[in-house]
Amino acid sequence: MLPPVHEFTALESLSLTGRIDGLGSLLNRCRHLHVLSVTYTDSRQLTLPLDGEFPVLEKLSLSGNIVDLTSSLNRCPRLRVLRVTFCGVTLLPLKAALTSLEVAGPFDFQLSLLGFKSISQEHNNNTPCLASLLRIAARLSPQEFLFEGCSSQWTTEPFPSFHHTTSIQMNLGPWISFKPLPGSDFSDLEMLSLSACNIINLDTMVTLCPRLRELRVTEATGNIKFHSRSLQKLYVSTDRYTHRHSIDILTPVLKQLELVVQDNGDISVSILAPTVEKVWWEPFSLGSALVFDFWSLGSLRLETAEDTCSPGVLGLYMSTSRYAGAKTVFSEQMEKFLVVDFSVLELHLEEKFEHHFGALIRDRIGDSVMVFKINRQRVTLACKV
């Protein structure tokens, strides 16, 4: 329980997180706040005190089982920035809350964040409610939009335009797919993160995002294709159930690339990213193109130097493979994976071994190795390439 105190007349900023007892009583003593942030970590209803105003409150952040949001906002006449995350509510009350907020608008404040977390379902088919919820959220035009919930029914729904939204993060479960509508507008979108949900023709949607700088896709299905003139960070991991034939990436200003591809066959790889500085590649493949005799390539890391005086580093994470593979030309395989120039080679060998690996180096990498050092199971080589 909060201790008995008088009004906090000098308090201008307050941030509270956890199971908060006596919140209404405390806020009644803090009428001169300029910044207020409240995060409930339990299922109790979260609202501002019903009596009185917060006459100078400018920034408000609420996260929890929020009720009567519109009434709370009406008691903040000078509010400039609102961040709100609904947690642990059902779809229908959430839709009603957003509808009430839309009807009461427009407001003078900026909706900096609109988030939905741990949204529960009232009955089996909530698909129409989910679709209308997204449409209302798009019309509210938050600067950032976050949706972490789930749908238990296989369905494909239209994905509305978020005209002025700069960041979208969604994690709804693998059984729901979205399809952007013709004429969709994502002209202000800078970051898009999709986890375990699918946007049909995502490659086309990316072309509708001229300011997109960061794209994260987990459990991606089908072929990988991204062409973007603005993209600087790209992370893609694939699901293990669908087969893919190609990876096609055309990103002239890309700085960081991370690919985690789960597939058992050879994949056609085409990557054009002339400014890339960091690459992480995990093929998770048993195809012959990624097996070097008894050595299997588990992942690849490429870090280019920030200045021309420092060496670029190529890291290969290899382990003994029980699968026999045809001999491959190392340089040809590395060309697929965007490896063009480096000065330091690192070999990370997962299993203990007593083999002489000089033959491996000469046969697979070349005769340019100058020095190598062994430190436990890590081998670091400096070479001319």
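I began with Glu58, which counts as partly exposed because its relative accessibility is 27%. For exposure I used a 1.4 Å probe on protein chains only: buried is under 20% relative accessible area, exposed is over 50%, and partly exposed lies in between.

The model is predicted, so I note the limits: local features need pLDDT of at least 70, side-chain atom pairs count only at pLDDT 80 or more, and totals for chains, interfaces and linings use all residues. Residues are numbered from 1 along each chain as its sequence is written, and side-chain values use heavy atoms, with hydrogens and water left out.

**Salt bridges**

I looked up salt bridges (a side-chain nitrogen of Lys or Arg within 4 Å of a carboxyl oxygen of Asp or Glu). The count comes to six.

One of them joins Glu58 to Arg80, at 3.3 Å from N to O. Arg80 is in the loop between helix 2 (69–74) and strand 5 (81–87), and Glu58 is in the loop between strand 3 (45–46) and strand 4 (59–66), so the pair ties together parts 22 residues apart in sequence. Helices (H or I, at least four residues) and strands (E, at least two) are DSSP runs, numbered from the N terminus. I found Arg80 partly exposed, at 43% relative accessibility.

I then took Glu144 and Arg83, whose closest N and O atoms are 3.6 Å apart. Glu144 is partly exposed at 26%, and Arg83 is partly exposed at 29%.

Asp188 and Arg211 form a salt bridge of 3.2 Å, N to O. Asp188 sits in the loop between strand 10 (176–180) and strand 11 (191–195), and Arg211 in the loop between helix 5 (202–207) and strand 13 (214–220), 23 residues apart. I list Arg211 as partly exposed, at 45% relative accessibility.

**Ser230**

Ser230 is in the loop between strand 14 (224–227) and strand 15 (233–238). It counts as buried at 14% relative accessibility. A polar atom of its side chain lies 2.6 Å from the backbone oxygen of Leu212, and the side chain reaches the backbone oxygen of Pro210 at 3.3 Å.

**Helix 3**

Last, I checked helix 3 (residues 91–104), where the buried residues are Leu91, Leu94, Leu98 and Leu101. Seen down the axis, they fall within an arc of 95°, so they line one face of the helix. I took the arc from the directions from the helix axis to the C-beta atoms.

Terms used
A polar contact is a pair of N or O atoms within 3.5 Å; within protein, one must be able to donate a hydrogen and the other to accept it, and residues adjacent in sequence count only if both atoms are side-chain atoms.
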